[in-house]
Amino acid sequence: MKLLIVSDSHGNRSALENLKVKYEGIVDAMIHCGDSELKADDPALNGFAVVGGNCDLDSRLPEELVLKIKESTIFIAHGHLLQIKSSLMNISYRAKELGADCVFFGHSHLLGAEMIDGKLFLNPGSILLPRGGNEKTYAIVNKKDSVFNVHFYNDRHEELKQYRRTFE
């Protein structure tokens, strides 16, 4: 399984189009974790599984999604409704209810990945407005058997090797 995860593009259509050109047909899914600030039917979102965030006004965007890809159950939420800036406890409980083994979210504009109770929790950062001195980022997750390889890239598609992680 190979996934592209992006979040917090805040109206930046060209960043999303650029990702589609590079990854469409190469990954099993392209996932947007909210705050696109685009309408649900905006062509820039075509091909992405998208959730709504606190800056999204289109009520057609769901608050959360559950995807089944290969042998994985993926839970996607922006994170604002689950207070991810305070703790991952609420999103962890929701992921457990859904039987998810991957949890993807945004909202904080801070990239990160960790395993908690056998689940991969990943925030791809922001492709437009990063915080914490980070670059504009997105993530690629590869899963083979029970091993996750996480790679973060900047908006120029250069890997940020200091953030590369492998989880078993």
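**Exercise 1. In which helix does Lys-20 lie, and is Lys-20 buried or exposed?**

Solution. The model is predicted.
- Step 1: locate the residue. Lys-20 lies in helix H1.
- Step 2: check accessibility. The relative accessibility of Lys-20 is 8%. Buried means under 20%. Lys-20 therefore counts as buried.
- Step 3: list the contacts. Setting aside residues up to four places away in sequence, Lys-20 touches Met-30, Pro-43, Ala-44, Leu-45, Asn-46 and Phe-48.
- Step 4: take one of these partners, Met-30. Lys-20 and Met-30 are ten residues apart in sequence, and their C-alpha atoms are 8.2 Å apart in space.

**Exercise 2. Find the strand order of the open six-stranded sheet, and say which strands stand at its edges.**

Solution. 
- Step 1: read the order. It runs S3-S2-S1-S9-S10-S11, and the pairing is mixed.
- Step 2: find the edges. S3 (48-50) and S11 (165-167) each have a single partner strand, so one side of each has no neighbour in the sheet.
- Step 3: From one strand to the next it averages 25°.
- Step 4: examine one pair. S1 (residues 2-6) and S9 (residues 137-144) are antiparallel, with four bridges. Lys-2 stands opposite Asn-142 in S9.
- Step 5: place the helix. H1 (residues 13-23) lies across S1, S2 (29-32), S3, S9 and S10 (147-154). Its direction is at about 170° to S1.

**Exercise 3. Describe the hairpin formed by S7 and S8.**

Solution. 
- Step 1: S7 (residues 111-116) and S8 (residues 119-124) pair in the antiparallel sense over six bridges.
- Step 2: Glu-114 stands opposite Phe-121 in S8.
- Step 3: inspect the turn. Two residues separate the strands. Asp-117, in the turn, has a positive phi of about 50°.

**Exercise 4. How many residues has the largest nonpolar core, and which element gives the largest share?**

Solution. 
- Step 1: count. The largest nonpolar core has 23 residues. Leu-3, Ile-31, Ile-74, Phe-104 and Leu-122 have the most contacts inside it.
- Step 2: assign elements. Two or more residues come from each of S1, S2, S5 (72-77), S6 (102-104), S7, S8, S9 and S10. S10 gives the largest share, three residues.
- Step 3: follow Ile-31. Beyond its neighbours within four places in sequence, its contacts include Leu-3, Ile-74, Phe-104 and Phe-48.
- Step 4: look for another core. A second, separate core has 18 residues, including Val-6, Phe-48, Ile-140 and Tyr-153.

Definitions and conventions. Residues are numbered from 1 along each chain as its sequence is written. This is a predicted model: local features need pLDDT of at least 70, side-chain atom pairs count only at pLDDT 80 or more; totals for chains, interfaces and linings use all residues. Side-chain values use heavy atoms; hydrogens and water are left out. Two strands pair if DSSP finds at least two bridges between them. Axes are lines fitted to C-alpha atoms, for helices over the stretch in contact, and angles run from 0 to 180 degrees between N-to-C directions. Contact means heavy atoms within 4.5 Å. Buried means under 20% relative accessible area, exposed over 50%, partly exposed in between (1.4 Å probe, protein chains only). A nonpolar core is a set of buried Ala, Val, Leu, Ile, Met, Phe, Trp, Tyr and Cys residues joined through side-chain atoms within 4.5 Å.
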